[in-house]
Amino acid sequence: MTADASPGGRDLDLVVLGDVNPDILVVGGRPEFGQHEVLVEAIAMTIGGSAAIMAAGAARLGLRVALVGVVGRDPFGDYVLDALARRGVDTTHCRIDPAQPTGATVVLTAGDDRAILTATGAITDLGGDDVGPDLLRRTRHVHVASYFLQPRLRADLPAIAARAREAGATVSVDPNWDPSGAWDGGLMALLPELDVVLPNEAEATRIARASTAEDAAARLQVDGSRPIVVVKRGVDGALARGADGSISTVPAWPIEAVDAVGAGDAFDAGFLAAWLNGEPLGACLRFAAVCGALSTRAAGGVDGQATRDEVDAVLRTWLER
């Protein structure tokens, strides 16, 4: 599977909008208040933010990717922009705001569970003015991550989606978790303007007010054809509801996971890589499921991300079963 080098004269496959920040990983311990010191296995800093992790995963698969986000003029911002550029992501469209700190996340992992603490900082300042019309004309697809974390971007998304369509680009959203617990924020009204939406099962059922992933997918496809709804189900695999209302499902690819941080973002990158290549929905799900599984091989969201050759090798094994 290879991307067209210049479909429609465009020099980008993907523009990703959203959160750009470092993740500080704390592995193998649980905090104890009361001034208790707890020894842990490791503490490390890596690329964080759903948008940044997804962009890195897409670039790892060979897509031409630009990222749009906001960071501060500080060591955290310098670190994450440099780390992304070294992974082949065009970060020249990220804005540096000297008046705000770069957002940051502390991820506490213990076994198969984790807790996440985020200071949003400059993350929330991203808006429609940061997405220039020239950039939309250059890309095949626009992906929005962390919908609920970004109030300015959320308010501007109907206009951004309209501009993207006028420029000939398709649009997807991964809503991610809603820290407010409201699970609204205008997303249901936006859905008919999207081509693909990629929640996980917990997010999908809350947004749609549904009890199962299947019911959520049906409710999120609000006009019966748009958008394609892809629901990530972790160890239970994934399902997708196509534009014709058909349901495709895949199991999870079995793997001994080290860390599931960023697995959903790697899944998104894989799904869109296959979908932009014109693959059938079931093939897109299989490709995405392998990307998500392989990303769990290492701690953090990016160090385990797969190349296209690695994914293809696993898929050959999968299809021979």
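Reader: What order do the strands of the open sheet of four strands have?

Author: First, the basis: this is a predicted model, in which local features need pLDDT of at least 70 and side-chain atom pairs count only at pLDDT 80 or more, while totals for chains, interfaces and linings use all residues. Residues are numbered from 1 along each chain as its sequence is written, and side-chain values use heavy atoms, with hydrogens and water left out. In general, strands of a sheet pair through backbone hydrogen bonds, either parallel or antiparallel. Here the order is S3-S2-S7-S8, with mixed pairing. Strands (E, at least two residues) and helices (H or I, at least four) are DSSP runs, numbered from the N terminus, and two strands pair if DSSP finds at least two bridges between them. The edge strands, each pairing on one side only, are S3 (42-48) and S8 (113-119).

Reader: In which sense do S2 and S3 pair, and over how many bridges?

Author: Strand S2 (residues 21-27) and S3 pair in the antiparallel sense, over seven bridges. Val26 has Ile43 of S3 as its bridge partner.

Reader: Which strands of this sheet does helix H1 touch?

Author: Helix H1 (residues 50-60) packs on the sheet and touches S2 and S3. Its direction makes about 80 degrees with that of S3; such angles run from 0 to 180 degrees between N-to-C directions, and axes are lines fitted to C-alpha atoms, for helices over the stretch in contact. Helix H2 (residues 75-86) packs on the sheet as well, touching S2, S3 and S7, and its direction makes about 70 degrees with that of S3.

Reader: Is Thr105 buried or exposed?

Author: A residue is called buried under 20% relative accessible area, exposed over 50% and partly exposed in between, with a 1.4 Å probe and protein chains only. Thr105, in strand S7 (residues 104-110), is buried because its relative accessible area is 7%. Contact means heavy atoms within 4.5 Å. Leaving aside neighbours within four places in sequence, Thr105 has contacts that include Asn21, Ile24 and Leu117.

Reader: What is the order of the strands in the open sheet of eight strands?

Author: The order is S4-S1-S9-S10-S11-S12-S13-S14, again with mixed pairing. Its edge strands are S4 (65-68) and S14 (247-250), each of which pairs on one side only. Strand S1 (residues 12-17) and strand S9 (residues 139-145) pair in the parallel sense over five bridges, and Leu14 stands opposite His141 in S9.

Reader: At what angle do helices H6 and H7 pack?

Author: Two packed helices are described by the angle between their axes and the distance between the axes. Helix H6 (residues 201-208) and helix H7 (residues 213-220) pack at about 55 degrees, with their axes 9 Å apart. H6 is therefore oblique to H7, given that angles under 35 degrees count as roughly parallel, over 145 as roughly antiparallel, 65 to 115 as roughly perpendicular and the rest as oblique. Among the contact residues are Ala204 and Ile207 of H6 and Ala216 and Leu220 of H7.
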